[in-house]
Amino acid sequence: MNDVAREKAREASSYVDDGDLRASLKTILSTQASRYIHISAWALLLVTLVDFTTTVIWYALTLAAGIARTAIEKSMRDRQSKHVTTKNRRYAFVAMASCSFWAAAPVLSWTSGHAFGQAAAMFYIVTGYMLAFSQFRATPGNALIATSPYAAAFVFCLSTATSTGVFLPVLALIPILVATISYVLTFGYMTGQEVTRANHDRDVLIEELEHARIVAEKASEAKSMFLANMSHEIRTPMNGVLGMAELLAGTKLDSRQRVFADTIHKSGVALLTIINDILDFSKIEAGKLDLEKAPFDLRTSVEDVAALMSTRAQEKQIELIVRFQPDLPTTVVGDGGRLRQVITNLVANAVKFTHQGYVLIDVSGAYVDVDALIRISVTDTGVGIHQDKVGEIFNAFQQADSSTTRKFGGTGLGLTISRRLVEAMGGKIGVSSVGGEGSTFWLEVRLPVREDEEIVWQSTFDPGDRRMLIVDDVDVNRRILCEQFEAWGFRPDAASSGREALEMMQTAVAENDPYSFSVIDFFMPEMDGYELAKLIKSDAFLRDAPLMMMTSVDRAGDGQRFREIGVDGYLVKPMRSTLLYQTIIGMLRDPGGAMASPPIVDGAAVEKPAPSKVEPIKDAPKHVLAARSRILLAEDNEVNQLVVKHMLDPNAVELVVVSNGVEAVQAVEQDAEGFDIILMDVSMPEMDGYKATAALRALEERTGKQRTPIICLTAHVMTTDIERSREAGMDDYLSKPISKDKLDAVIARWGRLDPQSKALANA
């Protein structure tokens, strides 16, 4: 459903209450409910004209007749087609039988001898006709049959009139009654015809809408299938491009050749991002996006995004800052992957459109009952968005600059997908911006807090209200670090320059309340962190307090240079809070040793000075095979065969390659040694991967062979494809384009490994 349709649906929903009220009144006044109201009203009038016993008998019989009529008509409708209405003659005779009891009231009134009995009889007859016509909307013939008891009652009254004074008024009533009945019948007939035509038009419209719905669903399904197939067809050659580029980068290349290989790989990754955006948008439009609910660490997710974007920020020499509200719960329940996707998109855009200054990721919120109301904002000092464009940027394929001369690329789907994802989580997303002054994108989601959350990484050390100094020329950095250190139990002060920091340190010593340690930013105007550290270490009264250096650009050799002047710790921004905490604690427990034995957390870089100029081996293997594994690759594309072949170490893996599912089954049947892993492509001629997997599982069951891990190796990346691979009997899923790290991880997870490597692979 598009946005226009959603708006119309919301407008229509605003009329539901009024429509229900009108429908309820119509039901009361013109259906079975009205019968029992009028029967009771007639009984109240009748009891004033005849004795009580006669009135009770008439009321009971007429009420029973009305209930019986309702039951009989319902039974007739249930047995017949829904298109059979009161035009059926049997309905007329059922109504006539019920009206016979009603028509007894005017007869009883006429013969009661009461002064107003004859007038009441005429009142009963007229109102009886009107009530019957209002309820029995049918052909004139059926209406006259149903109301014939009232006509008989009127004839009885006319024939028993004993005086001229009564007979003439009743006789004069005939043309008036006939005219009224004729008018009502004519109007009822015309109304009935209108209703019939309206019902027919409604049925036609319903059929057309149903047909349109089916066509739309088929079109959406066809679109999704087309996009999935397109993705598969693009990912297959991209597997060769990215795989070979990755392998090429691992060979001996000169600087010019390495630039070429890196450009190929980066361009391929950018194209893959566009394909993923289109697929996500297609799944959202088709209503097939499913959100998971599982515990995840919100702080870690945000810091992961910052770590991912830090390289791009360093290339542009801008600060990437993370602020996480200290008292906010970190372990929440939701779709962590999708939330990280949204944050990544917002941060990537901020870095993309910022040329100087900083990008701030601010996570704040509050407890609401047992949930946490999380607000994540991404603020940048970039180009900003003009007000006339702010309302459009969340629309599909829209960008703030859509001209042919625009500087920034992209499909314009990232923010649309982010908005749909946040709305699917029950949250909201927005932006505030001024052209040329930066932007702030924000999102708010409400997530349950995991009850068993506990923080263990900061529970073994008591800061003891130690006084510490933060030196940074960026006000945002100072405020965030002060807030964080204060939450950890330290007593922070802040200085905006090196000169101010020296004065504060000297004053603190003079007051006999020196700083226990200092955290210094490297890039500062006038006096940078390196010069400040040298001055501190040259002062006999200040040199003993540990120093930690922060830098937004990780340059080779900086760690060694800082070590030489006595700096105790060195971290690259954006810093993970756990790593920052552990580095500070390491400095306080072992002054001078934080760089020599840095804490290693999630691969974050705390540079350890190398004892020699020998460069470390790049991409060192994370596991060692206990024995040479045998792997069967079922893949029909020759380029993909080459990619997998060259990604695997021939000394550790014996690779057997087949081109389709039939050959894969034959290879397993004829091979006496057996395979440790089968890499199974899905789209292959003769027999696809699903059928081949089913055949192999049947073979294992029939022969009693040990189950062989089968890895789905495919360019299909829809959720249904993953589920289908599991249903077919596959054990794992590896999407194309394949990277060496992912392939190694799969082999480590399912191959023959020594116990230590197996534990590492599953960690």
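This briefing walks through a helix and a sheet of the structure above. The model is predicted: local features need pLDDT of at least 70, side-chain atom pairs count only at pLDDT 80 or more, and totals for chains, interfaces and linings use all residues. Residues are numbered from 1 along each chain as its sequence is written, and side-chain values use heavy atoms, with hydrogens and water left out.

**Helix H15**
- Helices (H or I, at least four residues) and strands (E, at least two) are DSSP runs, numbered from the N terminus.
- Nine of the 11 residues of H15 (residues 414-424) are buried, so the rest of the structure largely encloses this helix. Buried means under 20% relative accessible area, exposed over 50%, and partly exposed in between (1.4 Å probe, protein chains only).
- Among the buried residues are Gly 414, Ile 417, Arg 419 and Arg 420.
- Just after H15, Gly 426 has a positive phi of about 85°.

**The five-stranded sheet**
- The open sheet runs S14-S13-S15-S16-S17, with parallel pairing; two strands pair if DSSP finds at least two bridges between them.
- S14 (653-658) and S17 (732-735) are the edge strands, each with a single partner strand, so one side of each lacks a neighbour in the sheet.
- Neighbouring strands are turned by 20° against each other on average, direction ignored. Axes are lines fitted to C-alpha atoms, for helices over the stretch in contact, and angles run from 0 to 180 degrees between N-to-C directions.
- S16 (residues 710-714) pairs with S17 over four bridges, and Leu 713 has Leu 734 in S17 as its bridge partner.

**Helices across the sheet**
- H21 (residues 638-647) lies across S13 (629-634), S14 and S15 (677-681), at about 175° to S14; contact means heavy atoms within 4.5 Å.
- H25 (residues 740-750) lies across S13, S15, S16 and S17, at about 170° to S17.
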